[in-house]
Amino acid sequence: MKKELKIPLIESGTVIDHIEPGNAVKVLHILGIPKKSTSVVSVAMNVKSRMGRKDIVKIENRELDPNEVDKIALIAPKATINIIRNYSVAEKHRVELTDEVVGIVCCSNPTCISNSKEPVKSRFKVICKDPLKIRCYYCEREPDDVSERII
Amino acid sequence: MNFKGRDIISIKDFSKKEINYILEYAEKMTPYAKGEKHKEFLKGKILSSLFFEPSTRTRLSFESSMNRLGGKVIGFSDPSGTSQKKGESLADTIRMADSYSDAIVMRHPQEGAARLAAEFANSPVLNGGDGAGSHPTQCLLDLFTIKTEKKRIGKKKIILLGDLKYGRTVHSLAYALSLYGAELTFVSPPTLKMPKEVIDECNELGVEPVQTSILEKAIKDADVLYATRIQKERFPDAEEYNRVVGSYKINNELLKNANENLIIMHPLPRVTEIDPEVDSTTHALYFKQAFNGIPVRMALLNLVMGGSL
């Protein structure tokens, strides 16, 4: 049987591959799609692959910056980012969750000092990468749903 | 062990070895805390005492400790007369106090405030309570009290009673007692149970706390009963508070079932949870516990400001 691509190749932009099934929508949310973007975006969910099912997001004419990649690492830690130029993969890298998450997630505790007007960025220590568990550097609270707290 | 310049923000910043060192140091400070011996360990040093929230014991005992050590105290106990009311950030207030003094002790209504202050101050910051967050010096004086009275902390049967959900002292204390391998029982109304993350931390340290709402049963073989006030100010809604206030009352009737060596501790202020008739029994240790704030805070101030002993 002839293999067919579920989503056509893109000329340039970013392909986010190996997203855990069901998390593609969260990836779109943290990238501000569609609100902050006019790019053509294709989403495939529950696609079969050698390593089980996965979601894929293709964004045309937009290359993700490191800050966006850091955000993706929080909700799709096994994802790969492919930068496409002229229909070829120009760069490929895995997202990497660092030991500290700065300025990306806001604390779930409304009375945490990091949620006030103080001149500091939110800061979390990564306690566990799988399943993801992060702890606020300031108030030591651990948010339940990190994807809901991404700034 | 060198503590000079170190911040005291959370008990979790300290290893068991470091905590033991502080407790031993506090024991050596006791005659000075009682006024039996005198030495100006911190002569010429200034402590900023910044209390953005009301406090009696913590503020007075820090100030008394600094005076006993021969140092001076500046600061405020009510932020209404300060630039905070004009909208100044905490970071700026701290920068200013830092330039006026050699160490800062602070209490603030927001969790994480002391950690933030430590980022902006060059001199050491001591956390005197940050909202519903940490209160490490209370935790250290509680450990000091148990160790002094019971000779050890590990293997002792310790009950934490009352508001275990919102009470800041019990969260740090449960963690610290678990470091020592104490046998913990948490007694609270069902709606004020110890948060799961605190229990998880105890488990990670090899302690499996028992949870119950019945004090009468738990008290029978306990070595320490640590009672806390159900704090109205921490409740998001008044109805929830009204449902649970007065859930427990420690009185002589209850204590008939207790181990004769049981000690009762309380971070104070108490309201209705301990009947005054208990004060004259050998079980009552809460006033001595409050005094223990002095040697422990003297030890901490002397250590972080580099005084000799």
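Me: Two residues are in contact if their C-beta atoms, placed from the backbone, lie within 7 Å. With that in hand, what percentage of the contacts in chain A with a separation of 6 or more comes from residues 24 or more positions apart?

Reply: The answer is 61%, counted among contacts in chain A with a separation of 6 or more. Before we go on, note that this is a predicted model, in which local features need pLDDT of at least 70 and side-chain atom pairs count only at pLDDT 80 or more, while totals for chains, interfaces and linings use all residues. Residues are numbered from 1 along each chain as its sequence is written, and chains are lettered from A and ligands numbered from 1 in the order in which they are written.

Me: How many helices and strands are there in chain A?

Reply: Helices (H or I, at least four residues) and strands (E, at least two) are DSSP runs, numbered from the N terminus. Chain A has two helices and eight strands, and starting at the N terminus their order is β-α-β-β-α-β-β-β-β-β. The C-alpha trace of chain A spans about 55 × 30 × 25 Å along its principal axes.

Me: How is chain A divided into domains?

Reply: Domain bounds come from an automatic or database domain assignment. For chain A, that assignment gives domain 1 (13–94) and domain 2 (100–149). The C-alpha centres of these two domains of chain A are 24 Å apart. Six residues from domain 1 of chain A and eight residues from domain 2 of chain A take part in their contact. On the domain 1 side, helix α2 (residues 66–75) of chain A gives the most, with four residues.

Me: Which classes do the residues on that side of domain 1 of chain A divide into?

Reply: Ala, Val, Leu, Ile, Met, Phe, Trp, Tyr, Cys and Pro count as nonpolar, Asp, Glu, Lys and Arg as charged, and the others, Gly among them, as polar. The side of domain 1 of chain A that touches domain 2 of chain A has three nonpolar, no polar and three charged residues.

Me: And how many residues do chain A and chain B give to their contact?

Reply: Chain A gives 16 residues and chain B gives 13 residues. The chain A side of that contact holds eight nonpolar, four polar and four charged residues.

Me: How is chain B divided?

Reply: Chain B has domain 1 (11–134 + 293–304) and domain 2 (136–290). Their centres, taken over C-alpha atoms, are separated by 25 Å. In the contact, 19 residues of domain 1 of chain B meet 18 residues of domain 2 of chain B.

Me: At what angle do helix α3 and helix α4 of chain B pack?

Reply: Axes are lines fitted to C-alpha atoms, for helices over the stretch in contact, and angles run from 0 to 180 degrees between N-to-C directions. Helix α3 (residues 90–100) and helix α4 (residues 113–120) of chain B pack at about 55°, with their axes 9 Å apart. Angles under 35 degrees count as roughly parallel, over 145 as roughly antiparallel, 65 to 115 as roughly perpendicular and the rest as oblique. The pair α3(B) and α4(B) is therefore oblique. In their contact, α3(B) uses B:Leu90, B:Ala91, B:Ile94 and B:Arg95, and α4(B) uses B:Ala113, B:Leu116, B:Ala117 and B:Phe120. Seven of these residues are nonpolar, none is polar and one is charged.

Me: Is A:Tyr87 buried or exposed?

Reply: A residue is buried if 20 or more other C-beta atoms lie within 10 Å of its own, exposed if 12 or fewer, and partly exposed in between, with C-beta atoms placed from the backbone. A:Tyr87 is exposed because it has 9 other C-beta atoms within 10 Å. A:Tyr87 sits in the loop between β4 (80–85) and β5 (88–94) of chain A, and its phi is near 65°, a positive value in a residue other than glycine. A:His18, in strand β1 (residues 13–19) of chain A, has a phi near 60°, also positive in a residue other than glycine. With 18 C-beta neighbours inside 10 Å, A:His18 is partly exposed. Across the 151 residues of chain A, 32% count as buried.

Me: Where is a cis peptide bond that joins A:Pro131 to another residue?

Reply: Look between A:Asp130 and A:Pro131, where omega is about -5°. A:Pro131 is in the loop between β7 (123–129) and β8 (132–136) of chain A. In chain B, the bond from B:Leu268 to B:Pro269 is cis too, with omega near 5°.
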